[in-house]
Amino acid sequence: MSNILILGATSDIAVATARKFAAEKHDIQLAGRNIENLLPLKTDLNVRFGVNTDVFKFDASDFKSHKPFYSGLPKKPDVVICVFGYMVEEEIAGDNWEEAEKMINVNFTGAASILNIIAKDFEEKGNGVIVGISSVAGERGRQSKLFYGSAKAGFSTFLDGLRNRTASKGVHVLSVKPGFVYTKMTSELDLPGILTAKPEQVGKAIYNGVQKRKNTIYVKWMWKWIMLIIKSIPEPLFKKMNL
Amino acid sequence: MKKKVTNWGNYPVIHVEEKQFSFQNELSEINHIKGNIIARGLGRCYGDASLGDNIISTLKFDKVLSFSKETGEIECESGVSLADILDFSVPSGWFLPVTPGTKFVTVGGAVASDVHGKNHHVEGSFSNHVIHIKILLSNGEIVICGPNSNKELFEATCGGMGLTGLIISVKFKLKQIETAYISQKQIKANNLEEIINLFQEHKEATYSMAWIDCLKKGRNFGRSILMVGEHAKKSEIKKKDPLILPSKMKLSIPFNFPGFILNTFSIKSFNFLYYHKNTKRTIENIIPYEPFFYPLDSILNWNRMYGKNGFVQYQFVLPLENSHKGLIDILTRISKKGMGSFLAVLKLFGKQESLISFPMEGFTLALDFPIKKGLFEFLNELDKVVLNYGGRIYLTKDARMNSEVFWNSYPNINQFLSIVNKYNPEFKYSSLQSKRLISPKLS
Ligand SMILES: Cc1cc2nc3c(=O)[nH]c(=O)nc-3n(C[C@H](O)[C@H](O)[C@H](O)COP(=O)(O)OP(=O)(O)OC[C@H]3O[C@@H](n4cnc5c(N)ncnc54)[C@H](O)[C@@H]3O)c2cc1C
Ligand SMILES: NC(=O)c1ccc[n+]([C@@H]2O[C@H](COP(=O)([O-])OP(=O)(O)OC[C@H]3O[C@@H](n4cnc5c(N)ncnc54)[C@H](OP(=O)(O)O)[C@@H]3O)[C@@H](O)[C@H]2O)c1
């Protein structure tokens, strides 16, 4: 039985992932901005699956708090899953730097900051698994995902680099690039059913990815090929497309 | 974004905004939604009870808040399903106090329809086991109500079809079991009279219901199979841990309906039970609880076989003294018309005192009608017959009854509405069903 730390535990994907790991009898540490919201989830996991659970306050964009947050954990995790993320319409962000900055701070800077701290500890111990939920939106820059996509691109690259740094030290890094997922983040969007995963599918894919020590997973296999095609479009053409 | 939403009968189909919420701190937004709102759980009501101008889905509000293995008391958010509860409660020796014929309903839905199970005649309906309910009223207040506090709100919420507000959480008591198995008995009845007598004879059985052949005419009119059951005792099960079901056993069903055409198959399995072992009038065996309570749940989406026009389920109850006569009358009309499903579920309810819930002492029959030309006219005719015998129609299955019939068959309707009026004065919470059944009478 290992100890799983979930960062951004109020998200729909996090709830599903926590339930999957708890169902496999792992203890769960839930971290997020809002403790009140995490408390029902804590008892839920405990009652349904009989595992130990605890909640911790964590704010991804409060970088200074990251070190004390991690050193304050009573028990260090064996697996950390970084789920938090932030997305607003790019039209809004284009005229409002605060929103754009928030997307960069949460999706990239905050994630890099906390995962670097945790990776250091894992490297010292010589084991541990780091899971980062990035996005296919980071595979190629486009107007409809300008700030969100580039922040996720930074995060994906960070995860690749971290994997390279930690591989020889017994620490594994898994990048998760879900295509569309039905969650709060996308509740107002009209998503194509066939390309859209349920949070439970993401949770299961993450669990399997950790078990099999995968490097990158896409949840729905089509996404890997879709992104290959999108990446192969020549830039002179791509820049004129309305994507 | 508008979404296509429809309940179990696939009729009616609407396009509406559906809002989800996951946490208590989002509740304040709900009452700010413009227009009418109605709660929706797993959409297992058949018609339009959980459809409306704006739908509040409770499915993400699904955390179990407490559970005592000592007392069996459990509290959960309204979007938790009965299936979820069984998953952890059965292995620790606790079962649902009352369960409908599918486990894919939410706790909120179970309260709002005040659902009944095969044990109604001995253990009542779901609300009889509720300790308290937390409910969000249309003025934004969150109130606790139960049999001992805010009693009128509690009574109007149980069976109130979501019209008093949004049920946030429910605390209720589970029932203790020794094993995850049911010791069941199936008994053949050659006609209606026999099955009615069999029900009376087995009044002591904890669980009972019957499948009845709606089309058989003549001597075997109303032939049926009664199914009675008890939770099996530890001593009856030769397993290491009798509270755990081997996972593959969950799917092996004696009354097994495969995915394709349910009707053909149910005919086959009914006939199998009826003729194949016809040397025996009674079959007794011990089976896992799932096939006993939820024979249809293993075929996901069996409701789609009725095609894209959908179907309605017609469930009525008749007072005991009129049940025999009334059933003959109604079954004769149905078989003459040839519109109904071959099989129907028959059950004997016990006494029930309640404000607006469906059950009353007497026989209840439920059968499916695929929607086609002339059906609604025919059902209007049946409504009148049901009304004449002093019976009523189950709201959670209804999609088409007219308000006159409703008003004349639920005797406490005025009292119910005066309570709704107090807590939901502008009908902020209202469904397509309440607009059909209640609004015409108010204007
Ligand atoms: C195969 C099958 C077998 C069934 N067998 C039985 C049976 O044996 N006995 C029986 O009694 N019923 C039976 N039913 C009906 C079913 O139990 C009820 O319709 C139940 O209410 C469905 O719950 P739901 O979560 O799907 O709610 P929905 O269908 O979404 O909603 C049903 C009603 O509950 C209200 N509601 C739901 N959640 C809330 C909430 N949080 N707050 C306020 N109101 C709410 C809705 O507004 C609506 O009026 C059966 C249904 C099926 C499909
Ligand atoms: N949905 C999709 O289609 C999709 C596709 C690809 C990738 N993703 C990624 O999947 C992850 C989960 O998203 P989701 O779809 O499940 O959406 P979600 O339910 O909206 O979750 C977003 C989560 O991030 C948390 N968060 C935001 N800012 C934070 C901060 N400063 N500090 C800590 N936590 C913060 C939120 O916490 P609060 O509850 O406190 O707000 C919430 O738990 C995100 O990284 C997202 O980018 C989603």
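In the predicted model described here, a backbone N or O atom of Gly85(A) lies 3.1 Å from an oxygen atom of ligand 2, a polar contact being a pair of N or O atoms within 3.5 Å (within protein, one must be able to donate a hydrogen and the other to accept it, and residues adjacent in sequence count only if both atoms are side-chain atoms). A polar side-chain atom of Lys152(A) lies 2.9 Å from an oxygen atom of ligand 2, and a backbone N or O atom of Val181(A) is placed 2.8 Å from an oxygen atom of this ligand. Taken alone, ligand 2 exposes 890 Å², of which the protein buries 90%; accessible areas come from the Shrake-Rupley method with a 1.4 Å probe, and for residues only the protein chains shown count as cover.

The model is a predicted one, in which local features need pLDDT of at least 70 and side-chain atom pairs count only at pLDDT 80 or more, whereas totals for chains, interfaces and linings use all residues. Residues are numbered from 1 along each chain as its sequence is written, chains are lettered from A and ligands numbered from 1 in the order in which they are written, and side-chain values use heavy atoms, with hydrogens and water left out.

Ligand 2 is surrounded by 27 residues, the closest being Thr10(A), Arg33(A), Ala60(A), Tyr148(A) and Thr183(A), where a residue is near a molecule or strand if one of its heavy atoms lies within 4 Å of it. At least two residues of this shell come from each of helix H1 (12-23), helix H6 (146-166) and strand S7 (180-181) of chain A, with helices (H or I, at least four residues) and strands (E, at least two) taken as DSSP runs numbered from the N terminus. The shell around ligand 2 comprises 12 nonpolar, 10 polar and 5 charged residues; Ala, Val, Leu, Ile, Met, Phe, Trp, Tyr, Cys and Pro count as nonpolar, Asp, Glu, Lys and Arg as charged, and the others, Gly among them, as polar.

Ligand 2 sits in the second largest pocket, in the sense that more than half of its atoms lie within 2 Å of the grid points of that pocket. A pocket is defined on a 1 Å grid over the protein atoms alone, as an open set of points where a 1.4 Å probe fits, with protein on both sides within 12 Å along at least five of seven lines, and lining residues have an atom within 4 Å of a point. Of the 49 residues lining the second largest pocket, Gly85(A), Tyr86(A), Met87(A), Thr183(A) and Met185(A) are the closest to its centre. H8(A) gives the most to this lining, with 3 residues, and the lining has 26 nonpolar, 14 polar and 9 charged residues.

Around ligand 1 there are 34 residues, of which Ala39(B), Arg44(B), Thr106(B), Ser113(B) and Tyr394(B) are the closest. A polar side-chain atom of Thr106(B) lies 2.7 Å from an oxygen atom of ligand 1, while a nitrogen atom of the ligand is 2.8 Å from a polar backbone atom of His116(B). Of the 970 Å² of accessible area that ligand 1 has on its own, the protein covers 96%. The shell around ligand 1 divides into 16 nonpolar, 15 polar and 3 charged residues.

In the backbone of chain B, the peptide bond from Tyr11(B) to Pro12(B) is cis, with omega near -5°.
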